[in-house]
Amino acid sequence: MSAATPTPTPTPVDVDAPEMPAPRVREFTARSIGGGLALLLGLVGLLGGAGLVVLGAVSEATAAKTVLIIVGILVGVAAFLAMCGLNMVAPGEARVVQLFGRYRGTIREDGLRWVNPFTTRTKISTRVRNHETAVLKVNDAYGNPIELAAVVVWKVEDTAQASFEVDDFLEFVATQTEAAVRHIAIEYPYDAHGEDELSLRGNAEEITEKLAVELHARVDAAGVKIIESRFTHLAYAPEIASAMLQRQQAGAVVAARRQIVDGAVGMVEAALARIAERDLVELDQERKAAMVSNLLVVLCGDRAPSPVVNAGSLYQ
């Protein structure tokens, strides 16, 4: 059984979601420039430094030779260090920039970008991801053991929170997803006994909406956005599956019988009304009761009726 609920912006519903701490850092754009110009300048610097070293090597003056070689080496090293600030950012990726442990912004613009070469850049994927839980065995609201699994579609929305608010955002999402699925499962029964009560099987759309809202509350601290959630597996545990199947079959039989009886009563009412309307025969209360009894037996019985011809009257 599965039911999908897209949740681009989860709406507030009545769920017992945990209250996560407020984030201490939020994403902002890092200062960067186009990498093409920086690459060109770096190559020019490397060539210029190499050229100065060559000129110094062929120079006859000792002082000029030393100066040219030292300047060439310094220019080459500076150009190499500057080129260390180049970054290749692919679509669907971001770079979290830190300078001596301090967050300095995030690069989201794809292509070749240049930043301060003394910064560290951590790659984070901002692509849409799937996480499917294993089949979990829990007790529902009535204490019946059930099995269920869910799949969550998510993406990193705030790279700063994903990097600094949790140790490992991948593990965090996986753990919180399993916790939310377990919590939702114990809050509702597999099958509801009352008509106004929500159940996992009968109200999958409402339940998955609550699951999405709880997931959003749990993973929001990690800068993660829940796009969609759904149950991929929902069933009674094997040890009670046969007993619950018999219960469901009995409930279906009772519901079918109730519908048959309701239809039979309506047909009997219509028959009595037509007889009275056309004045075919005058029926007293005892004859009406006998006619109702016979019609109900014919209409509600699960076997073909055997007609009995009465040669006398009803009172003999």
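Student: What does the secondary structure come to?
Tutor: Seven helices and 11 strands.

Student: And how much accessible surface is there?
Tutor: About 19000 Å² for the protein. Carbon and sulfur atoms hold 58% of that.

Student: What share of the contacts is between residues 24 or more positions apart?
Tutor: Counting contacts with a separation of 6 or more, 73% are between residues 24 or more positions apart.

Student: Predicted, you said. What is the mean pLDDT?
Tutor: The mean is 80, and 78% of the residues reach 70 or more.

Student: Where is confidence lowest, and where is it highest?
Tutor: Lowest in strand 1, residues 3–6, with a mean of 44. Highest in strand 4, residues 93–99, at 93. The pLDDT stays below 50 over residues 1–13. That stretch still has 38 contacts in the model beyond near neighbours in sequence.

Student: OK, salt bridges. How many does the structure hold?
Tutor: Seven. One of them joins the side chains of E165 and R24, at 3.9 Å from N to O.

Student: Where do E165 and R24 lie?
Tutor: E165 is in the loop between helix 3 (159–164) and helix 4 (169–187). R24 is in the loop between strand 1 and strand 2 (33–34).

Student: Is R24 buried or exposed?
Tutor: R24 is exposed, because its relative accessible area is 70% and the cut-off for exposed is over 50%.

Student: Which residue does E27 form a salt bridge with?
Tutor: R108. The closest N and O atoms are 2.6 Å apart. E27 sits in the loop between strand 1 and strand 2, and R108 in the loop between strand 5 (102–107) and strand 6 (111–114). So this pair ties together parts that are 81 residues apart in sequence.

Student: How accessible are E27 and R108?
Tutor: E27 is partly exposed, at 24% relative accessibility. R108 is also partly exposed, at 36%.

Student: Switching to helix 5. What span should its 16 residues have?
Tutor: Helix 5 covers residues 204–219 and should span 22 Å at 1.5 Å a residue. Its end C-alpha atoms are 22 Å apart, which agrees.

Student: Which residues of helix 5 are buried?
Tutor: A204, I207, T208, K210, L211, A212, V213, E214, L215, R218 and V219.

Student: E214 and R218 are both on that list. How far apart are their closest N and O atoms?
Tutor: 3.1 Å, and the two form a salt bridge. They are four residues apart in helix 5, so about one helical turn separates them. E214 is at 0% relative accessibility. R218 has a relative accessible area of 12%. Both count as buried because the cut-off is under 20%.

Student: Which element gives the largest share?
Tutor: Helix 2, with four residues. V77 is found in helix 2. V77 is partly exposed, with a relative accessible area of 44%.

Student: Next, T133. Where is its place?
Tutor: In the loop between strand 8 (129–132) and strand 9 (136–139). T133 is buried, at a relative accessible area of 9%.

Student: What does T133 touch?
Tutor: A149, A150, T177 and E178, leaving out residues up to four places away in sequence.

Student: Last one: A174. Which helix is that in?
Tutor: Helix 4. A174 is partly exposed, with a relative accessible area of 23%.

Notes:
Residues numbered from 1 in each chain as written. Heavy atoms only, no water. Helix = DSSP H or I, 4+ residues; strand = E, 2+ residues; numbered from the N terminus. Buried < 20%, exposed > 50% of the residue type's maximum accessible area, 1.4 Å probe, protein only. Contact = heavy atoms within 4.5 Å. Areas by Shrake-Rupley, 256 points an atom, 1.4 Å probe, with all protein chains shown as cover. pLDDT = per-residue confidence, 0-100. Expected span 1.5 Å × (residues − 1). Salt bridge = Lys/Arg side-chain N within 4 Å of Asp/Glu carboxyl O.
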